[in-house]
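The sequence and structure are shown first.

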Amino acid sequence: MKFRMTFDRHSMTATLYDTPAARELLRMLPLDLAIGDYSTNEKIAYLPRRLTEIRDEPFGGERPGDIAYYAPWGNLVFYYASYRYSKGLIRLGRFDDGFEPLLIRGDYPLRIAPA
């Protein structure tokens, strides 16, 4: 399960895990959203509706390049620096070829489509 994400002239491909939440996200595609900076380690984008097929289970092995859904706020999270699991964070997948475009600061239109 793959998607392509484009913003600010950059394109990134990601592989989603085979989970109910990731499959639900894939069924929502294509999406036109906005991506912006949050904190010092991530960019976020709000979905048009909340995911409903989530399982809030703690996980380990957190690392830059992970893609997650934060259930309390209903947003996608794209990590470009270290982070730690917190309650309500659902890991959905990872970027395939790095995450360097996420380091570009600012808010941009975002397109997510099946790859």
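The model is predicted, so local features need pLDDT of at least 70 and side-chain atom pairs count only at pLDDT 80 or more, whereas totals for chains, interfaces and linings use all residues. Residues are numbered from 1 along each chain as its sequence is written, and side-chain values use heavy atoms, with hydrogens and water left out.

**Overall fold**

One helix and eight strands make up the elements of the protein chain, in the order β-β-α-β-β-β-β-β-β from the N terminus. The radius of gyration is 13 Å, close to the 13 Å that the globule rule gives for 115 residues, so the chain is as compact as a globular protein of that length. That radius is taken over C-alpha atoms, and the rule is 2.2 Å times the number of residues to the power 0.38. Helices (H or I, at least four residues) and strands (E, at least two) are DSSP runs, numbered from the N terminus. The C-alpha trace spans about 35 × 30 × 25 Å along its principal axes.

Of the 115 residues, 48% are buried; buried means under 20% relative accessible area, exposed over 50%, and partly exposed in between (1.4 Å probe, protein chains only). Among contacts (heavy atoms within 4.5 Å) between residues at least 6 apart in sequence, 63% join residues at least 24 apart.

**Helix H1**

The buried residues of H1 are Pro20, Ala21, Ala22, Glu24, Leu25 and Met28. They pack against strands E1 (2–7), E2 (10–16), E3 (31–38), E6 (75–79) and E7.

**Asp66**

Asp66 lies in strand E5 (residues 66–70) and counts as buried because its relative accessibility is 0%. Its side chain makes the two polar contacts tabulated here. A polar contact is a pair of N or O atoms within 3.5 Å; within protein, one must be able to donate a hydrogen and the other to accept it, and residues adjacent in sequence count only if both atoms are side-chain atoms.

| Side chain | Partner side chain | Distance |
|---|---|---|
| Asp66 | Tyr83 | 2.5 Å |
| Asp66 | Arg91 | 3.3 Å |

Not counting residues up to four places away in sequence, Asp66 also touches other residues, including Gly61, Val77, Phe78 and Gly93. Asp66 and Tyr80 are 14 residues apart in sequence and 7.9 Å apart in space, C-alpha to C-alpha.

**The largest pocket**

The largest pocket holds about 240 Å³ of space. Of its 13 lining residues, the closest to the centre are Thr19, Arg55, Glu57, Ile90 and Arg91. Two elements give two or more residues to the lining, namely helix H1 (20–28) and strand E7 (89–95). E7 provides the largest share, three residues.

On a 1 Å grid over the protein atoms alone, a pocket is an open set of points with protein on both sides within 12 Å along at least five of seven lines, and lining residues have an atom within 4 Å of a point.

**Backbone**

Most residues other than glycine have a negative phi, and most peptide bonds are trans. In the loop between E1 and E2, Asp8 has a positive phi near 45 degrees. Arg9, found in the loop between E1 and E2, has a positive phi near 65 degrees and is exposed, with a relative accessible area of 78%. A cis peptide bond, with omega about 5 degrees, joins Leu29 and Pro30; Pro30 lies in the loop between H1 and E3.

Notes:
On a 1 Å grid over the protein atoms alone, a cavity is a set of points where a 1.4 Å probe fits but cannot get out, and a pocket is an open set with protein on both sides within 12 Å along at least five of seven lines; lining residues have an atom within 4 Å of a point. Grid points are joined across faces, edges and corners, and a volume is the space filled by probe spheres set on the points.
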